[in-house]
Each structure stands twice: as structure tokens, then as C-alpha cells.
Amino acid sequence: MSGTGPVEPGEGTHEHSGPDVPRTSARRRGRPARYYERHRRAVLATTVAVVALAGGGYLYASRPQPPPPAPPPHPSQAVDLRYLDAVPAPGDDFGFAVRLSVRTGPPVTVTRLDQPYDGISMTSSPAAPFQTKAHSARKIIVTLRVTECAKAPRNLALPFLHVTLRNTRAIQAHSFILGTHYAQDLSRALEVACSNESR
């Protein structure tokens, strides 16, 4: 060889850099890095699962909530009270039938049934309290007795009944006007009862 410069390996030889020494970067890594190197697939799968669960939980928690169910109607909004006709009653009493219908909602209980006029007493069959389920009707027989003609009304135009109703939402006192047919029958019955008393 002649000249100066680095020595080049000859034919069939190769350059040798010394004994195998572990890379310095591998030595500097701590226990978590070594664990990750050994269990890379399991760590990645676990990370993906945790992220997917967190995302799914967030989406579930932030989903639009359905509106709460509407409250049941007030009992007076769910009930109809209709005059049916006069019915036989003992002596000078006046009896009539009404039909109470519950259109919708929970069952409705009639806790009180009364009339507003002085000089008249009232009973009903069935006697209050009684309950009627939704989508059903109940026939009620009401009997009125004149107790004092001087206080009894005459020529009634729009007579009504006081009814106290209760369901799961509220208790309500409501006055039901029963119409002209009821007004005529009641006026006639009062006239007969008081004319008999005056004899």
C-alpha cells in the first residue's frame, strides 16, 4: 500500500467496528418502555377498547332524552255527566238517573255529589265515594226530597249538581249543568211536591 488515507478492507473481509454493544437509547428506556415493547399489541388493543368505551359512554350520556310523559288530565277534563231521565221515587221524592263517563286517564273517584239548593236534600246510589275506570261509564240514581218549600227554587233555568272528583293528578270540585230536560223535570217535581204540601 502506498499513500496516506484510511485503510480499506481487502477482498473477502469486512469492516469491524468492535464488540457488540447495546444501543444507548435502549439502555436509557425505563420499565414502561420495555413493557410496551414486549406487549405492544395488548397495550394497543386495550387503549383502543378504552377509547371506544369512553366515546360510546359519552355518546350515550349526551343522547337526546325523550320528553317526559304528559301528566294525566285533571278529573273534570276526563269526565262527562249526562242527565238520562226521571226514575220512580217513593212518595213526593224526585228521582232521576245520570250517566258518569270517564273518557281517558286514570280512574276517577267521585268523593262527593250534592245539589246547591236550600230546602232540598239529596241521596245517590251508589253513595259517594265510588270509582269509575277510564273508558267506562256508571249509572247513578239521584233522589231529591223537598224539605222546605219556602227555600226550594222555582222555575229553574240551569240547575246543576256539585261533584267532587279525584284522580292521581288532582282533586276538583266541579258543577255540572244537566240541561233543559233536567230543568223541566226538576221544576215539575218541585211544583208537585210543594203543591201537595200546601193542601
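Helices (H or I, at least four residues) and strands (E, at least two) are DSSP runs, numbered from the N terminus. The model described here is predicted: local features need pLDDT of at least 70, side-chain atom pairs count only at pLDDT 80 or more, and totals for chains, interfaces and linings use all residues. Residues are numbered from 1 along each chain as its sequence is written, and side-chain values use heavy atoms, with hydrogens and water left out.

Helix 4 (residues 75-78) contains S76. Leaving aside residues up to four places away in sequence, S76 touches L165, Q172 and H174, where contact means heavy atoms within 4.5 Å.

The structure has 1 disulfide, defined as a pair of cysteine sulfur atoms within 2.5 Å. In general, a disulfide is a covalent bond between the sulfur atoms of two cysteines. The bond joins C149 to C194, with an S to S distance of 2.1 Å. C149 lies in the loop between strand 6 (136-146) and strand 7 (160-166) and C194 in helix 5 (residues 180-198), so the pair ties together parts that are 45 residues apart in sequence. The torsion about the S-S bond of C149 and C194 is about -105 degrees, so this disulfide is left-handed.

| Cysteine | Relative accessible area |
|---|---|
| C149 | 11%, buried |
| C194 | 6%, buried |

Two strands pair if DSSP finds at least two bridges between them. Strand 3 (residues 108-114) pairs with strand 5 (residues 130-132) in the antiparallel sense over 3 bridges, and V110 stands opposite F130 of strand 5. Strand 3 is also joined to strand 7 by 5 bridges, again antiparallel; there, L113 has V163 as its bridge partner.

Definitions and conventions: Buried < 20%, exposed > 50% of the residue type's maximum accessible area, 1.4 Å probe, protein only.
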